[in-house]
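Subject: Handing over the model

Hi there,

Here is the structure I promised to pass on.

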Amino acid sequence: MKYIKKGEEPESLTTWKELANEDWTPSYDLLSGREKTDVYNALLQEQGFICCYCGMRITRETCHIEHLKPRSTHPYLALEYRNMLASCQGESETPPPKPVHCGHKKGEWYDENLMVSPIEANCADFFKYTGSGEIQPTDDPDKQAAAKETIESLGLNINKLQRMRRKAIDKILIGIEDYTNEEIQQLAVRYDRPDAEGK
Ligand SMILES: [Zn+2]
C-alpha cells in the first residue's frame, strides 16, 4: 500500500453537485458521463495508475471507483471526492471470476481503528514484504493489529498477489546484480517518481 495524496475534486463534479435543488438530489447512482469520467481520470492520475490497495497497474478499463468509507454505511460521503479511490477489480485467477482482493473483497467493511487507509501518510509503515512476495504486519506492535486486519479484509496476502510481487522482486534483483548501493538507492528514488505519463 502506498500513500495517496488526495487532490482537489474535479470541477465538473463540484458544479454537478451544486445543481441540487428541491426536485433533484445528486446521488452516486446518478453520477455518469463527463462527471464520472473526470472522477476516474483524477483518481488514476493522483494514484499514478496503480490500485489504491494492492498497487497493481490499473487503467480506466480495469478499475472501479472504491469508497473508502462504504456507501451503505456512510451514504453522506458517497459523492465526497476525498472518500473515493481507484481500485483494481481484484478478481480470482480461476473462472468464474470472484472478487478475492482489494475494493470488491473489502465490500462493506470499514473499521475506523483497524483499517489502514492509503490516504494516511504513514500507511506504508504498517507493512513489510518478504522476498517471496508475502505482505506481513510490520514489527511495530502498535501497528500490528490494524495491519493484520487490513491484510485479511482486503485479501492482500493471497497467492495471486504473492506471485505477482515475487515476479516483480525477482526482476529487480536480477537487474541490480552489478549495482553499487548508491546506484540501488538512486533507482529506488526514480521508481517513486511518476514518468512522463504520470505512471
Ligand atoms: Zn488491488
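What percentage of the 199 residues of the protein chain count as buried? The answer is 23%, where buried is 20 or more other C-beta atoms within 10 Å of a residue's own, with C-beta atoms placed from the backbone.

Two notes before the rest. This is a predicted model, in which local features need pLDDT of at least 70 and side-chain atom pairs count only at pLDDT 80 or more, while totals for chains, interfaces and linings use all residues. Residues are numbered from 1 along each chain as its sequence is written.

**Overall fold**

The protein chain has six helices and four strands, taken as DSSP runs (H or I of at least four residues for helices, E of at least two for strands) and numbered from the N terminus. Read from that end, their order is α-α-β-β-α-β-β-α-α-α. The radius of gyration is 18 Å, close to the 16 Å of the globule rule for 199 residues, so the chain is as compact as a globular protein of that length. Here the radius is taken over C-alpha atoms, and the rule is 2.2 Å times the number of residues to the power 0.38. Along the principal axes, the C-alpha atoms fill a box of roughly 65 × 40 × 35 Å. Of the contacts between residues at least 6 apart in sequence, 61% join residues at least 24 apart; a contact means C-beta atoms, placed from the backbone, within 7 Å.

**The core**

The largest nonpolar core holds 29 residues, and Cys51, Tyr53, Cys54, Ile58, Leu85, Cys88 and Leu156 touch the most other members. Such a core is a set of buried Ala, Val, Leu, Ile, Met, Phe, Trp, Tyr and Cys residues joined through C-beta atoms within 7 Å. Two or more residues come from each of helix H1 (11-17), helix H2 (33-46), strand E2 (84-88) and helix H4 (141-154), with E2 giving the largest share, four residues. Leaving aside residues up to four places away in sequence, Leu156 touches Tyr53, Cys54, His101, Ile135, Ile151 and Leu161.

**Helix H4**

The 14 residues of H4 should span 20 Å at 1.5 Å a residue, and its end C-alpha atoms are 21 Å apart, which agrees; the expected span is 1.5 Å times one less than the number of residues. Ala147, Thr150, Ile151 and Leu154 are buried in H4. The buried residues of this helix pack against H3, strand E3 (127-129) and strand E4 (135-137). Just after H4, Gly155 has a positive phi of about 65°.

**Helix H3 and Lys106**

Lys106 lies in helix H3 (residues 102-106). This lysine counts as buried because 22 other C-beta atoms lie within 10 Å. Lys106 touches Ser153 and Leu154, not counting residues up to four places away in sequence. Cys102, also in H3, is buried with 27 other C-beta atoms within 10 Å, and its phi is near 65°, a positive value in a residue other than glycine.

**Backbone details to check**

Phe49, in the loop between H2 and strand E1 (63-67), is another non-glycine residue with positive phi, near 60°. Phe49 is buried, with 21 other C-beta atoms within 10 Å. The peptide bond from Pro95 to Pro96 is cis, with omega near -5°, and Pro96 sits in the loop between E2 and H3.

Best wishes

Methods
A residue is buried if 20 or more other C-beta atoms lie within 10 Å of its own, exposed if 12 or fewer, and partly exposed in between; C-beta atoms are placed from the backbone. Two residues are in contact if their C-beta atoms, placed from the backbone, lie within 7 Å.
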